[in-house]
Amino acid sequence: MEQTMKDTLKAADGHRLAAYVAQPAGKPKGVVVVVQEIFGVNSHIRGVADGYAANGYVAIAPALFDRVQPEYESGYTQEEVGRGVEIMKKLDFGNALLDVEAALDSAPADLKKGIVGYCYGGTVAWLAACRLPSLSAAVCYYGGAIPNFIDESPKCPVMLHFGEQDQSLPVEKARAVAHRHADAVSHFYDAGHGFNCDQRGAYNQAAAKLALDRTLEFLDRHLASK
């Protein structure tokens, strides 16, 4: 498996941003754009991308915070959470989708493309599914702002992962999204926000493993199948 953070992407508006790219050892099954949390393309997100590459996908993690603070990455203290929120507030979802498109455009044209996002990235992944025509699958982990866009409809198959104890996304709002979009595959876990991240106190190993197993099966079905 080959990894690099040297890749520079160019968005349609001329903005240049970094991306972490992990290549699978053999012939790729497809492409997965991995969308960060508010902590940047840090060691956890790079590890997530490595995991998708180990499962046969070209994994591209665009540095969406480069529009505000290039090369930003952090840990998970309350102070770092606050900094990440302030950067997020300066971003526009439209520009984030331009950066996602740049990542998609950088991938081999003959491969099907999907997106997986976490937290802030979960909302970006939802909007990408609704607004970008080039995606064949999208997976959204606990995207806190998804309810704000409940009236938008995905153009591709979508899987949603929610934590029932998520303080950032109340479960009743998550269930309203699942109810409105019955065609999406929605899963609820006895876990809180950020349950997938093994560097956070909210990490739930059982929920993270089950969600990943479901995600990989979903991606294999929609990206790798011929």
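Modeller: First, a definition: UniProt positions are given in the numbering used here, feature names are shortened, and annotations may be inferred rather than shown by experiment. This is a predicted model, where local features need pLDDT of at least 70, side-chain atom pairs count only at pLDDT 80 or more, and totals for chains, interfaces and linings use all residues. Residues are numbered from 1 along each chain as its sequence is written, and side-chain values use heavy atoms, leaving out hydrogens and water.

Colleague: Which residues does UniProt list for the "domain: Dienelactone hydrolase"?

Modeller: The unreviewed UniProt entry lists residues 17–222. Over that stretch the chain is 37% helix and 20% strand. Helices (H or I, at least four residues) and strands (E, at least two) are DSSP runs, numbered from the N terminus.

Colleague: Is Cys197 buried or exposed?

Modeller: Buried, with a relative accessible area of 0%. Cys130 is buried too, at 5%. Buried means under 20% relative accessible area, exposed over 50%, partly exposed in between (1.4 Å probe, protein chains only).

Colleague: Where is Asn95?

Modeller: Asn95 is in helix 3, residues 93–105. Asn95 is partly exposed, at 27%.

Colleague: What is Asn95 in contact with, leaving aside neighbours within four places in sequence?

Modeller: Asp13 and Arg67. Contact means heavy atoms within 4.5 Å.
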